Amino acid sequence: MFWFSVQGATAIRIGSGATTNTGLTAEYSFGQFSYPVFFDSGYKLISPPAGVGTEFLSRLLHKKSRYVRTQQKLVLVKCDDDFEDVNLRIEGFWFQVKKSDYLIKTSKVYNGFDCYLAFEYDAASTQKYWTMGRAFMSGYYVIHDNTDPLNAKLGFTPYKDSHKDFITSGELPENNIRDVKDEQVNTTVIDPATPPTPAEEEEWVEDVEVLPESEEGSEVREETSNEIDLDKGLFYYNRPPMRSIWDKVWEFIVSIFGMMFIMPGFLLSAGIVIML
């Protein structure tokens, strides 16, 4: 079962200033390229839509060493590079993805690359939605309220001592993605500084498949408390969870069996009433 936001992600901000630490526009809206957001706690990474994702990653990685593992859709980087926190505007609220959330340590170091980004990169993607996995949810209590299926709610709030900032509402940035697309941003993120050797690539493929789920990026704070700090803002949106095809098939089967047991009794009762 997936939970989703139809309005989706409408803007992004890299860092806290008007420009990134490499001199590019830091904040802009997606305009017509605002796509729905799926929330999936069973997924580890963050998967952005085609086009928007390439532009964003090119901006985030501007002037930074990186290498793309195309097969795994992962971008290898250096953990000590000067990365900045990322904020996404979803349903009118700003959500923070700290660099400690999206920088994940590799099990081995290859030519200085010791981290990979939690932002998935796929040059061939035609995806028209965001998938927010556990890297996005880190530092938040995620509350799935399906008490009333017709008014299901998904809530976010930083737990006490969370490394995440307050969830705040905010207006759309003045800049649009069309306004900033002509900045001197690399058109592709596949620009390795020093590519791994074939032997290292083969070893890396094996490592990615067995990376422990507990591996975290640098500067991750200890989760010392599980108390909810409601002063940090509880965000809800009313969107029913998207049912999978198997949910619908199961409901159909149950309804058929239900009719098989109910109808004979109903017909028998009706016959008795008629006879009387």
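I looked up H163 to begin with. H163 is buried, with a relative accessible area of 6% (buried means under 20%, exposed over 50%, partly exposed in between, with a 1.4 Å probe and protein chains only). This is a predicted model, in which local features need pLDDT of at least 70 and side-chain atom pairs count only at pLDDT 80 or more, while totals for chains, interfaces and linings use all residues. Residues are numbered from 1 along each chain as its sequence is written, and side-chain values use heavy atoms, with hydrogens and water left out.

I placed H163 in the loop between β13 (153-158) and β14 (168-169). Strands here are DSSP runs (E, at least two residues), and helices likewise (H or I, at least four), numbered from the N terminus.

I then checked the partner of its side chain. The side chain of H163 makes a polar contact with the side chain of D101 at 2.8 Å. A polar contact is a pair of N or O atoms within 3.5 Å; within protein, one must be able to donate a hydrogen and the other to accept it, and residues adjacent in sequence count only if both atoms are side-chain atoms. In sequence H163 and D101 are 62 residues apart, and their C-alpha atoms lie 9.7 Å from each other.

Next I looked at Q96, in strand β8 (residues 93-97). Q96 is buried, at a relative accessible area of 5%. Its side chain reaches the backbone nitrogen of D165 at 2.9 Å. Beyond neighbours within four places in sequence, Q96 is in contact (heavy atoms within 4.5 Å) with residues including D101, Y140, H163 and D165.

I turned to F136. With neighbours within four places in sequence set aside, F136 is in contact with F39, I46, I90, F95, V97, F156 and K164.

I also traced an open sheet of four strands, ordered β5-β6-β10-β9 with antiparallel pairing. β5 (66-69) and β9 (103-110) stand at the edges with a single partner strand each, so one side of each has no neighbour in the sheet. Four bridges join β5 to β6 (residues 74-77); two strands pair if DSSP finds at least two bridges between them. R66 stands opposite V77 in β6.

Last, I checked confidence. The chain averages a pLDDT of 77, and 67% of the residues score at least 70 (pLDDT is the predictor's confidence in each residue, from 0 to 100). Over residues 201-235 the pLDDT is below 50, and this stretch has 82 contacts in the model beyond near neighbours in sequence. Where pLDDT is low, the predicted coordinates should not be read in detail.
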